[in-house]
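Let's walk through this fold together, one piece at a time. Keep the viewer open and turn the model as you read.

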Amino acid sequence: MKSLWVAAGCAVWLAGAPALVQAQQDQPDGELVPPTSASDFTASQLDTVLAGTWRPAADRARDAYRHPKATLQFFGIQPDQTVVEINPAGGWYSEILAPLLRDNGDYVAAEPAPSGGAEAKRSDSTLRAKFAANPAVYGKAHIVEYDPKAPVFGPPGSADAVLTFRNVHNWVQAGTAPAMFKAFFAVLQPGGVLGVVDHRAPAGATLAAVKGSGYLPTAYVVKLATAAGFKLDARSEINANPKDTKDYPKGVWTLPPTLALGSKDRAKYLAIGESDRMTLRFVKPGAPAAAASTAVSPL
């Protein structure tokens, strides 16, 4: 991880976008400016990135359901890290992570190779178009293509964090989940963090009972990670939604943002909001992980 120091009077700017931080302030003679903590620095950068004009209004509206600031703080993401996001699809989190990491870190978007099918081709094309359209924001982001059956996301031990949002259920369905988690473990340095967010099945539900619905038992996701060598470090209720009854005709896709039933009962599903989601932080053993900056439920 690259070293990042923040001092009074220092200003950090994002090329082509509003300043992320302007630390210098007028001070009466003889008074010292207190140093900015790393967590305060990151929080300030996240606030500015989340308000970025490059983020479409529809994406900003989803912040109320996806809680990006609290989620990334929980995972311990810092702007000087190398972060690999798995399957960013249209790039909702890319709009946050790429500018956050642009100047001092490295953002890597790992996408299935286009030969992996029509969905992979669409996602790859959408993400590349997004990056090409705004080089001031995405010009230093990288796209890595991988084989879903034999995934490699970068040199071994090269990443500080691997993040995946609402993807594990797809890998479980495809039978590639164990290989994916092993590849996460390989690309992370010792002490690196794996952050997982996915649709949470009802307590006590078996995988067989919910497979195909988009929901997964938390215990099964934990088993996938620990079998690959990870240690479960913490879990959070940041992305919980108690309104989600998890019993819909089209599974989780009945809810927004997909709204698979179209106009049928649309108001009902909009009132429920997006799915109830598990938020899990795993660590690759070998070094202590950074402490989370938000509330964590006991393990």
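In which sense do strand 3 and strand 6 pair, and over how many bridges? They pair in the parallel sense, over four bridges. Two strands count as paired here if DSSP finds at least two bridges between them, and the elements themselves are DSSP runs numbered from the N terminus: helices are H or I with at least four residues, strands are E with at least two. To find the spot on screen, look for Val83, whose bridge partner in strand 6 is Ala161.

Before going further, a word on what you're looking at. This is a predicted model, where local features need pLDDT of at least 70 and side-chain atom pairs count only at pLDDT 80 or more, while totals for chains, interfaces and linings use all residues. Residues are numbered from 1 along each chain as its sequence is written, and side-chain values use heavy atoms, with hydrogens and water left out.

Now for the overall layout. The protein has twelve helices and nine strands. Seven of the strands form an open sheet in the order 5-4-3-6-7-9-8, with mixed pairing. Strand 5 (142-146) and strand 8 (231-236) sit at the edges with a single partner strand each, so one side of each has no neighbour in the sheet. On average, neighbouring strands are turned by 20° against each other, direction ignored; axes for such angles are lines fitted to C-alpha atoms, for helices over the stretch in contact, and angles run from 0 to 180 degrees between N-to-C directions.

Buried means under 20% relative accessible area, exposed means over 50%, and partly exposed lies in between (1.4 Å probe, protein chains only). Strand 6 (residues 159-165) pairs with strand 7 in the parallel sense over six bridges, and there Phe165 stands opposite Val197. Strand 9 (residues 277-283) runs antiparallel to strand 7, joined to it by seven bridges, and Asp198 stands opposite Met278 in strand 9.

Helix 9 touches strand 3, strand 5, strand 6 and strand 7, and its direction makes about 145° with that of strand 7. Contact means heavy atoms within 4.5 Å. Helix 11 touches strand 7, strand 8 and strand 9, and its direction makes about 20° with that of strand 9.

What about the greasy interior? A nonpolar core is a set of buried Ala, Val, Leu, Ile, Met, Phe, Trp, Tyr and Cys residues joined through side-chain atoms within 4.5 Å. The largest one has 31 residues, and Ile86, Phe153, Val168, Phe181, Phe184, Leu194 and Phe282 have the most contacts inside it. Helix 9 gives the most to this core, with six residues. Click on Phe184 and you'll find that it touches Ile86, Phe153, Val162, Trp171, Leu194 and Phe230, not counting residues up to four places away in sequence. Apart from this core lies another, of 29 residues, among them Tyr93, Ile96, Phe131 and Val197.

A salt bridge here is a side-chain nitrogen of Lys or Arg within 4 Å of a carboxyl oxygen of Asp or Glu. Both Arg55 and Glu95 are buried, and together with Asp63 and Lys130 they are linked in a network of salt bridges.

Arg281 counts as buried at 6% relative accessibility, whereas Asp233 is partly exposed at 27%. By the same rule, the count for the protein comes to twelve salt bridges.
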